[in-house]
Amino acid sequence: QVQLVESGGGLVQAGGSLRLSCAASGSIFRINAMGWYRQAPGKQRELVGIIISDGTTNYADSVKGRFTISRDNAKNTVYLQMNSLKPEDTAVYYCNADIRRYAWVRNADYWGQGTQVTVSS
């Protein structure tokens, strides 16, 4: 069993900052990519940022220069530092990880339960 547990969401004023964390636990052999997605009401889930095991990152254009994704491989944890937040960043943020549970099985996709981020104007 693998679990992704997110924390750090909340309510913040425009221009403020929040830091999200997501810790993976359970039977884990290796984690490849870890990332953050978000889904606003009435919209499709979209990629926010992703970081692979060597530290390479990729971001959605809408958050470049404002958000930073990082990871602590020893703790199986990924972070999302969100600065200069805008009302349009309001959404439920989901953690995602590409995890191999054992050396002899394929990687599988896992999701956290989501954490609400609300940015007021």
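Trp 104 sits in the loop between strand S9 and strand S10 (108-111). Strands here are DSSP runs of E with at least two residues, numbered from the N terminus. The model is predicted, so local features need pLDDT of at least 70 and side-chain atom pairs pLDDT 80 or more, while totals for chains, interfaces and linings use all residues. Residues are numbered from 1 along each chain as its sequence is written, and side-chain values use heavy atoms, without hydrogens and water.

**Surface patch**

Trp 104 has a relative accessible area of 69% and is therefore exposed. Exposed means over 50% relative accessible area, buried under 20%, and partly exposed in between, with a 1.4 Å probe and protein chains only. Together with Tyr 102 and Val 105, Trp 104 makes up a nonpolar surface patch of about 340 Å² accessible area. Patch residues have over 30% relative accessible area and no salt bridge, and nonpolar side chains are joined within 5 Å. A salt bridge would be a side-chain nitrogen of Lys or Arg within 4 Å of a carboxyl oxygen of Asp or Glu. Areas come from the Shrake-Rupley method with a 1.4 Å probe.

**Disulfide**

The structure has one disulfide, counted when two cysteine sulfur atoms lie within 2.5 Å. This bond links Cys 22 and Cys 95, with an S to S distance of 2.1 Å. The angle about the S-S bond is -80 degrees, and the link is left-handed. Because Cys 22 belongs to strand S3 (residues 18-26) and Cys 95 to strand S9 (residues 91-100), the pair ties together parts 73 residues apart in sequence. Cys 22 is buried at 0% relative accessibility, and Cys 95 is buried at 0% as well.

**Four-stranded sheet**

Four strands form an open antiparallel sheet in the order S1-S3-S8-S7. Two strands count as paired if DSSP finds at least two bridges between them. S1 (2-7) and S7 (67-72) are the edge strands with a single partner each, so one side of each has no neighbour in the sheet. On average, neighbouring strands are turned by 15 degrees against each other, direction ignored; the axes are lines fitted to C-alpha atoms, and angles run from 0 to 180 degrees between N-to-C directions.

| Strand pair | Sense | Bridges |
|---|---|---|
| S7 and S8 (residues 77-82) | antiparallel | six bridges |
| S3 and S8 | antiparallel | six bridges |

Five of the six residues of S8 are buried. Within S8, Thr 77 stands opposite Asp 72 and is also the bridge partner of Ala 23. Val 78 in S8 is the bridge partner of Arg 71. S7 and S8 form a hairpin with four residues between them, where Asn 76 in the turn has a positive phi of about 50 degrees.

Terms used:
Patch = residues over 30% accessible without salt bridge, like charges linked within 9 Å, V, L, I, M, F, W, Y side chains within 5 Å.
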